[in-house]
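Hi everyone, thanks for coming. Please take a look at the chain on the screen, and then I'll walk you through a few of its features.

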Amino acid sequence: MTQPWLHIIGIGEDGVDGLAPATRAVLDAAEVIVGGKRHHEMLETEAERLAWPSPFDSLIAELEMRRGKRVAVLATGDPLWFSVGAKIGRHFDASEIVYHPQVGAFQLAAARMGWSMADLETLTVHGRPVEQMIAFIQPDARLLVLTTGAETPGQIATFLTERGFGKSRMTVLAHMGGDKEARFDGLAESWDHEVPEFNTLAVDCVAAPDAALLPRVPGLADELFQSDGTMTKQEVRAITLAKLMPMRGALLWDIGTGCGSVAVEWMRGARYARAIGIEPKPERRAMAAANALALGVPRLELIDGMVPAALDGLDAPDAVFIGGGLTEETFDAAWAALRPLGRLVANAVTIESEMCLTALHKKHGGQLVKLSVERAEALGSLSGWKPLRPVTQWSLIKR
């Protein structure tokens, strides 16, 4: 069995004094120490010192080169919670690594706020698009956010205010556990604090009567999306997402993504869900990108291309939605790429596409349904029912 040679050590504002004796002994014995500038400034050592490499992805190669030596990697707080430990753990066998956890920013912030960790959302926008926190703005939600820099709380305050959550209470906590610990409190609508660059933000969401309600379950209102009119409508979209079954970290291919409504709701529906939208029209890709940014899923990937050729070389999906460009060849390519237990859903509104779905259903099985929706609209001084275009939907699971 491989002996551990790589130690990932969490360290707080109190530096080496806050380490457990056994962890301190590991650090003292290290031949190589990897960390940021602030970490190295805490140490007096004869070991080889390595700063975080640039680009950061080259860290793995740097560690591989020192295999066999006693290597310690210093991370702020808990090294396995939105930190470098997870990245290293994906590349090295678990038998080679020992993790030394430390109380992290989330635990410290929750303690400072008097909040239960079980009753809040923990997020990071550190080194990530800050817009991804938008999906978590909900009435009465409590959020702890690792931020990117001193300007991030102000950006988040703007997001909250624009969506009718301006009365939300915000607290920035910096240097927790150290001599320079600082706290800044305020409301989103009037936030004007200058805060340290490295901080943790606590948000207690308070919704105004006219606040935007953006649940993470499928079925957002159509008017929340920029569209040229060609989109999967709210009621049908909710049923479509139910069949696609968003899951944590899963990948969706949205073929004929249009304005991106299905892909956006897929990514909102589960933590770390990913989506690739394939759309040949540039104006629709632009709308999809804008919708993804406004609704908190800025990592939506958009591809210019025609199917099935555009599917070549993409990561294997966990789910496929065909909302446009349906042919038997497109289905065959998507079905071949789909991972085991993957879900495929195809919607059709034209007679020709419906005929294709009927033929595929006869050949492959699955569930074929007709979806009809009518919405009440004004009819003179009264009201009447206006039907939407019926949708034929075919769905199946790859077993």
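Start with R237 and D222. Their side chains meet in a salt bridge, 2.7 Å from N to O. By salt bridge I mean a side-chain nitrogen of Lys or Arg within 4 Å of a carboxyl oxygen of Asp or Glu. R237 lies in helix α7 and D222 in the loop between β10 (199-204) and α7, so the pair ties together parts that are 15 residues apart in sequence. Helices (H or I, at least four residues) and strands (E, at least two) are DSSP runs, numbered from the N terminus.

A word on the source. This is a predicted model, where local features need pLDDT of at least 70, side-chain atom pairs count only at pLDDT 80 or more, and totals for chains, interfaces and linings use all residues. Residues are numbered from 1 along each chain as its sequence is written, and side-chain values use heavy atoms, with hydrogens and water left out.

Back to our pair: buried or exposed? R237 is buried, at 0% relative accessibility. D222 is buried too, at 12%. The cut-offs: buried is under 20% relative accessible area, exposed is over 50%, and partly exposed is in between (1.4 Å probe, protein chains only).

Next, R274 and D315. Their salt bridge has its closest N and O atoms 3.7 Å apart. R274 sits in strand β12 (residues 274-278), while D315 is in the loop between β13 (301-303) and β14; they are 41 residues apart, so this pair links distant parts of the chain. R274 is partly exposed at 41%. D315 is partly exposed at 46%.

Some bridges share partners. That joins D222, E235, R237, E265 and R375 into one network.

One more pair: R38 and E13. Here the closest N and O atoms of the salt bridge are 3.1 Å apart. R38 lies in helix α2 (residues 37-40) and E13 in the loop between β1 (6-11) and α1 (21-29), so parts 25 residues apart in sequence are tied together. Both are partly exposed: R38 at 30%, E13 at 28%.

How many salt bridges are there by this rule? The count comes to 25.

Now zoom out. The chain has 11 helices and 19 strands. Of its 399 residues, 47% count as buried. Its C-alpha atoms fill a box of roughly 75 × 55 × 35 Å, taken along the principal axes.

Last stop: G365. This residue is in the loop between α11 (351-364) and β16 (367-371). G365 is partly exposed, at 25%. G365 and L388 are 23 residues apart along the chain, and their C-alpha atoms are separated by 27 Å.
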